[in-house]
Amino acid sequence: MPRLLQSISTVDAPTFVLDSGSIDNTVAIGESFGAQFLQHPFENHPRQWDFALNNFPIQTPWVICLDADHIVTDELKQHLLTFRGEDYDGIDGIYFNRKNYFKGKWIKYGGYYPFYQIKMFRYGVGYSDLNENMDHRFLVHGKTKIWKKGIILEENLKENNISFWIDKHNRYSDLLAVEEVERIRLIRSQTIKPRFWGAPYERSAWFKRLWWQLPRYTRPMLYFIYRVIFRLGILDGRTGMIFHFLQAYWFRLVVDIKIDEILKHDGEK
């Protein structure tokens, strides 16, 4: 979090931090940057963001939503410093581009760059998608704009310890398995209309719908091959290949196993 707060310190905007009960120096660090705090027990990322948007005393017409492991680049900061709302009439949300790092390595290939996420939107218009347990995103009903050169860096330094990464994604696999079982049972549906040629989130929704139609246990390997061969993930080198194997194959195989465990426990196939 110190890297994030330092990267936005010159933007001169009100800063709010939602803490889920940290026992380290999170609060002291945030307050040293002038951040206002609220506490809320962690359920999942979408619900945390929903709580933050509905409980902080936000007075600005636009909000920017960043995670603790994000860093705002100088190029993006210039976008923000020169931002004028009157230039964005008819626009409700802005996509930022993201660079993801694993063990200090930028994951450039495998479909990980460019990677667009709505991170800035009109307050009261954008909202957290509560229809997802895992892949938290902000949605707007109106038009969006992409800042291709407005890049955030994402790097969780704790994940340099592989045990932390595995433990974290083991917890995530529980959430994702439950979510997919609910989709199998038709009690959960997609919020976003799937469109291959649509906006970034619509394209992502199209691929997700395809994923749910693929056979379990086969699809993790297909996805790994797709990322490594067809999306050139092999060019990310040894560290990148470790990441693609863990994130594309291992994690999703664990999810498939847990889906079957839930269905078997409930007497389903």
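**Figure 1. Residue classes in the lining of the largest cavity.** The lining of the largest cavity divides into 3 nonpolar, 3 polar and 3 charged residues. The model shown here and in the other views is predicted. The residues that line this cavity are Glu132, Arg137, Gln190, Thr191, Ile192, Tyr201, Ser204, Ala205 and Lys208. About 60 Å³ of space lies inside the largest cavity. The structure holds 1 cavity of 30 Å³ or more.

**Figure 2. The salt bridge between Lys208 and Glu132.** The side chains of Lys208 and Glu132 form a salt bridge, with an N to O distance of 3.5 Å.

Figure 3. Through shared partners, salt bridges join Asp129, Glu132, Asp135, Arg137, Glu179, Arg183 and Lys208 into one network. Within this group, Asp129 and Arg137 meet in a salt bridge with an N to O distance of 3.6 Å. Asp129 has a relative accessible area of 2% and is therefore buried, the cut-off being under 20%. Arg137, at 9%, is buried as well.

**Figure 4. The salt bridge between Glu154 and Arg98.** Glu154 pairs with Arg98 in a salt bridge whose closest N and O atoms are 3.6 Å apart. Glu154 is part of strand β10 (residues 143-154) and Arg98 is part of strand β5 (residues 91-102), so this pair ties together parts that are 56 residues apart in sequence. Glu154 has a relative accessibility of 18% and counts as buried, because the cut-off for buried is under 20%. Arg98 is also buried, with a relative accessible area of 6%. Side chains of opposite charge can pair when their charged atoms come close. A search of the whole structure finds 20 salt bridges, among them the one between Glu154 and Arg98.

Notes: Residues are numbered from 1 along each chain as its sequence is written. This is a predicted model: local features need pLDDT of at least 70, side-chain atom pairs count only at pLDDT 80 or more; totals for chains, interfaces and linings use all residues. Side-chain values use heavy atoms; hydrogens and water are left out. A salt bridge is a side-chain nitrogen of Lys or Arg within 4 Å of a carboxyl oxygen of Asp or Glu. Helices (H or I, at least four residues) and strands (E, at least two) are DSSP runs, numbered from the N terminus. Buried means under 20% relative accessible area, exposed over 50%, partly exposed in between (1.4 Å probe, protein chains only). On a 1 Å grid over the protein atoms alone, a cavity is a set of points where a 1.4 Å probe fits but cannot get out, and a pocket is an open set with protein on both sides within 12 Å along at least five of seven lines; lining residues have an atom within 4 Å of a point. Grid points are joined across faces, edges and corners, and a volume is the space filled by probe spheres set on the points. Ala, Val, Leu, Ile, Met, Phe, Trp, Tyr, Cys and Pro count as nonpolar, Asp, Glu, Lys and Arg as charged, and the others, Gly among them, as polar.
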